[in-house]
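Let's take a walk through this structure, one stop at a time. Keep the picture open as you read.

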Amino acid sequence: MEDEISSYVDEILSAVGDDLDLSREEIEKEFRKFLEYGVPPDLAKRSLVKKFGGDRSGRKLLKDVRPNERNLNLICKVITKNVKQISVRGESRIIHYGLLADESAILPFTSWRSSFPAEKGDVVEIRNAYSREWHGNVQINMGERTSIKKLEEDVLPDLHQEPRKCKIMDIYKTFGPLELKVKIMDIAEKDIEIGGGKRRIYSGILADDTGKAQFTAWHDFDLKKDDVINIRGCYARFWKGIPQVILDERTEVKKLSEKMETTSPVLPLHKLVELRGGLDITAEGTVIEIKEGSGYIERCPECRRLMRNGECRIHGKIKGIADLRLRLVLDDGFAGIGVILNRELTEKLIGKSLEECKRIVETEGREKLLEDISSSLLTRRIRVRGNAFGDEFGTTLIARSAEILNENLREEAEKLLQMLEGER
Ligand SMILES: [Zn+2]
């Protein structure tokens, strides 16, 4: 019997693979427990192989992948692949990310492997991947233990999936091929280096009545500014919460003769934080904090860097250019975002020119100017519009326009502030 157990454990180990942080003793212990309960050894083996995810031949369809699964074996097509340099604990690393598709679904992926041996369009067998939840969606992750092998393209059935009709605000939640009706707001062409060759791409901004997105077309669809078009079979990806629509050779583009209204969506702050970011967003909230670095500043005339004590970090002692800026925290009682305002918008909101601010700093000190800014802005409700970016520290909107809203609301805002302070 002992020999038999040992050979079963061997079989389980070889099925599970040697890449698990799982000792022979652990498997044997679990196996014996099954036997104690009278489970036939064959069934016990199968159950343990399944439990430890070692069913290596078992291919999973993308539609069946749930968050936090391990040892995923997939056969899918690389729909898009991009490279990004990121910093992990101070070390710079290259990661690959994009979209994978099989006959059941399309999911985003991130690969932490040092290399990614497949290109856009390749059909690959992926072993030992794992899944995470990202943005309310399942994402496939690959690490150093994940293997990626190229297969013949006909291994997968025809991947023709019906594109899903949606609006720009919906693409945050939709990972399949999309069908969008949009207006081209802006377009430019650019030559880029890819795989040793040059390719011309067309990129810009598109919009509908729910929002705006950046786009990149890998094919010349002869698009012009103000064209209203129907796009069938495009894909979406995101950069810091900014949606980007990708059109490739197989995307169908039809020009329409109709007119289209576009808009800057007004998003409640919790919605914006949930989406992480967005292009040309309008948001409203109460100024609950004026952050450090706000007010009168001096920039290096050479590199525009912020100077400290009359010195640029790169260019040393130099006569700086006077500037104003505001870094605010805007809150509506449900969520908060950071807002950055340039000189022009700062002057407008605080009702003081750069010269006046400079004079206050020179005669009464930096603190006095900040006090003035606080008393004119803190607890006031403002509306800002611009691009919003999300990262691990939250969402920040770079304002292109800003205005103070109805003064009557100020009392309400003060209550909100007291409530928030009470929570701290
Ligand atoms: Zn400088």
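Helices (H or I, at least four residues) and strands (E, at least two) here are DSSP runs, numbered from the N terminus. What you see is a predicted model, so local features need pLDDT of at least 70 and side-chain atom pairs count only at pLDDT 80 or more, while totals for chains, interfaces and linings use all residues. Residues are numbered from 1 along each chain as its sequence is written, and side-chain values use heavy atoms, with hydrogens and water left out.

Start with strand β2 (residues 91-101), where you'll find His 96. Is His 96 buried or exposed? With a relative accessible area of 8%, His 96 is buried; that word means under 20%, exposed means over 50%, and partly exposed is in between (1.4 Å probe, protein chains only). Skipping neighbours within four places in sequence, His 96 is in contact (heavy atoms within 4.5 Å) with Lys 81, Asn 82, Val 83, Phe 109, Thr 110, Ser 111, Ser 115 and Phe 116.

Now for the overall layout. The chain splits into domain 1 (2-51), domain 2 (62-155), domain 3 (164-256) and domain 4 (269-423), with bounds from an automatic or database domain assignment. Taken over C-alpha atoms, the centres of domain 1 and domain 2 are 30 Å apart.

Next, the nonpolar cores: sets of buried Ala, Val, Leu, Ile, Met, Phe, Trp, Tyr and Cys residues joined through side-chain atoms within 4.5 Å. The largest has 57 residues, and Leu 206, Val 245, Leu 328, Leu 341 and Val 384 touch the most other members. Domain 3 and domain 4 each give this core at least three residues. Apart from it sits another core, of 19 residues, including Leu 62, Phe 109, Val 124 and Met 142.

Last stop: the zinc ion. Which protein donors hold a place around the zinc ion? They are Cys 300 (SG), Cys 303 (SG), Cys 312 (SG) and His 315 (ND1), lying 2.1 to 2.3 Å from the ion. Donors are N, O and S atoms within 2.8 Å of the metal (3.2 Å for Na, K and Ca), and sites may look incomplete because water is not among the atoms. Along the chain, the donors follow the spacing C-x2-C-x8-C-x2-H. Cys 303 lies in the loop between β15 (295-299) and β16 (311-312), and His 315 in the loop between β16 and β17 (316-317), so the pair ties together parts that are 12 residues apart in sequence. Cys 303 is partly exposed, at 25% relative accessible area, and His 315 is partly exposed too, at 35%.
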